[in-house]
Amino acid sequence: MSLLEVRELDVSFGRRRAPAVRGVSFSLDAGQRLGVIGESGSGKTVTALAVTGLLPENAHVGGSVRLGGTEMIGLDERGLARLRGDTVSMVFQEPMTALDPTMRVGRQVAEVLRLHQGAESGPARDRVIAMLDEVGLADPERVADAFPHQLSGGQRQRAILAMALINSPDLVICDEPTTALDVTVQALVLAKLDEVLQASGAACLFISHDLAVVSQVCDQVLVMLDGRIVETGTVERLFTAPEHPYTRGLVATAQLERADPGQRLPTVDDFYAEAEHG
Amino acid sequence: MKRAQLFAGLALVALVVVTAVVSLFWTPFDPIRVVPGQRLLGPGWPHLLGTDGFGIDIASRLMVGARTVLTVGIISVGLAAVVGVPLGMLAGQNGGWVDEVVMRVGDVVYAFPALLLAILLASVFGASTVTAMVAIGVASIPAFARVARAGTLQVMASDFVLAARASGTSRWGIARRHVLPNIAPVVGVQASVGFALAILAEAALSYLGLATPRPTPTWGNMLRDAQQFLFVAPLQALWPGLAIALAVLGFNLLGDGLRDYLDPRLREVP
């Protein structure tokens, strides 16, 4: 049985039921990594939030999301809270705002241990520092005692990574975890993520708009467009033989070094114009 | 420059607090005992600010009055904050009909004049410091609820609350560990401003005889006593008036100073 089983997921918002995700189905086995790629508004984040039951109250959800055998859709807040942080954890896009400015980083990382294991602060601190060290923070003791505003964006994102991984979840959902970071720091964080996931054996749902980033972490990718999955496959196949014109566009724009010098750079629209197909 | 405001406010507030504390142990003269031979003396020595219509040293009465000001301020602001902040957080966190009910009831309380409430309480229980504190406190609840609600809405929309929910934090845990610490600064500012309002309200109520009864001196009932001799000894009304004005100014400056100090967008670059 797969760890995560999403069947015919439909999400729409508000009274007018504006659709955000339509009929999305995929599954994820334990330890497997799946990239979700698509442009803004394609429904990637909404899919991730639906998996954890974190959608706002004005969302209408249909279909089925089974996580470790538990149906997440329609589960009450208490049941969801038990799974969140324990079975599934999330890494958010914005490192600048995803940490509480009034709480020391170490305590914030320890929070999830306190919630799910009733860990005392003393022994928890050792685990927090070990985890901060593991995600590649140079001075874990100092980082644990720091407030978020005293850390750089890359340090914060690694602290958030530590927060998501410390309770050894079965599934880590990363929602554009490196989009807010500059390219050098992005590479470091991705390398650490890869390393830590490998060590813990957790499955990962990795959301990004950047095919190049996804290919560093995942082997399987699904491409979303306008709330639907348009193509799935291994990263390798997607790069070598993309089927859907939209994917072809994505691949071309991810490999700009292949463009002929002096020529106009390719855009997704060269391959896929929404007016013609939509 | 911004800091100057904060420090001026702190200095005035400290002056009131020190005066009140010192008055517990020492005042230049007895603040209650009537001395018929020394009525309506002007400022001078040994009565620095003169004496009132009963021959009591005005400086001593002012010092003791500072106690009432602080007691009423602390208790009424405390009452308003303890009731108002959780209600505002509840409204902000739940939204929907809870929000609607809490805020509309708040509007009704807000529209109900505090003075009327004070008269009501005084006529039922007899005028005392306690009735004044309750009246002022209840009247200030909506202001705290509004501030807390606005802050809560802002915090609830933040990424770190979403992250906390994603780690399995309950609603109650989010309220206690994330919302409360983040709205504490705005509540603190509101408390300081509310304190200034409470001082004014207390002075008005005791001036009207709806608060602390005689012979305990308060700045408000000193004003009332002075009124009888307004044309004979006008300075007598000046002192309590000045005390009220300075205390109110102090707490307002402190509130504004705190707001500027705690708002990172207004903070000066060091």
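**Note on a predicted two-chain model**

1. In strand β10 of chain A, Thr234(A) is the bridge partner of Gln220(A). Helices and strands here are DSSP runs, numbered from the N terminus: a helix is H or I with at least four residues, a strand is E with at least two. Strand β9 (residues 220–225) of chain A is joined to β10(A) by six bridges, and the two run antiparallel. Two strands count as paired if DSSP finds at least two bridges between them.

2. On the source: this is a predicted model, in which local features need pLDDT of at least 70 and side-chain atom pairs count only at pLDDT 80 or more, while totals for chains, interfaces and linings use all residues. Residues are numbered from 1 along each chain as its sequence is written, and chains are lettered from A and ligands numbered from 1 in the order in which they are written.

3. What is the order of the six strands in the open sheet of chain A? The order is β6-β7-β8-β3-β9-β10, with mixed pairing. Strands β6 (88–91) and β10 (228–234) of chain A are the edges, each pairing on one side only. From one strand to the next, the twist averages 20°. Axes are lines fitted to C-alpha atoms, for helices over the stretch in contact, and angles run from 0 to 180 degrees between N-to-C directions. In general, strands of a sheet pair through backbone hydrogen bonds, either parallel or antiparallel.

4. Helix α10 (residues 245–254) of chain A packs on the sheet and touches β3 (33–37), β9 and β10 of chain A. The direction of α10(A) makes about 115° with that of β9(A). Residues are in contact if their C-beta atoms, placed from the backbone, lie within 7 Å.

5. Chain A as a whole has 12 helices and 10 strands. Its C-alpha atoms fill a box of roughly 60 × 45 × 35 Å along the principal axes. The radius of gyration of chain A is 19 Å, which agrees with the value near 19 Å for a compact globule of 278 residues. This radius is taken over C-alpha atoms, and the globule rule is 2.2 Å times the number of residues to the power 0.38. Of contacts in chain A between residues at least 6 apart in sequence, 64% join residues at least 24 apart.

6. Chain B has nine helices and zero strands. Its C-alpha trace spans about 75 × 50 × 30 Å along the principal axes. Of its contacts between residues at least 6 apart in sequence, 72% join residues at least 24 apart.

7. Buried residues make up 44% of the 278 residues in chain A and 46% of the 270 residues in chain B. A residue is buried if 20 or more other C-beta atoms lie within 10 Å of its own, exposed if 12 or fewer, and partly exposed in between, with C-beta atoms placed from the backbone.

8. Why does Val189(B) count as buried? Val189(B) is buried because 21 other C-beta atoms lie within 10 Å. Val189(B) belongs to helix α7 (residues 171–207) of chain B. Leaving aside neighbours within four places in sequence, Val189(B) is in contact with Gly255(B), Leu258(B) and Arg259(B).

9. Where the chains meet, the contact takes 14 residues from chain B and 21 residues from chain A. On the side of chain B that touches chain A, α6 (159–166) and α7 of chain B are the elements giving two or more residues. Of these, α6(B) gives the most, with six residues.

Technical notes
Contact = placed C-beta atoms within 7 Å.
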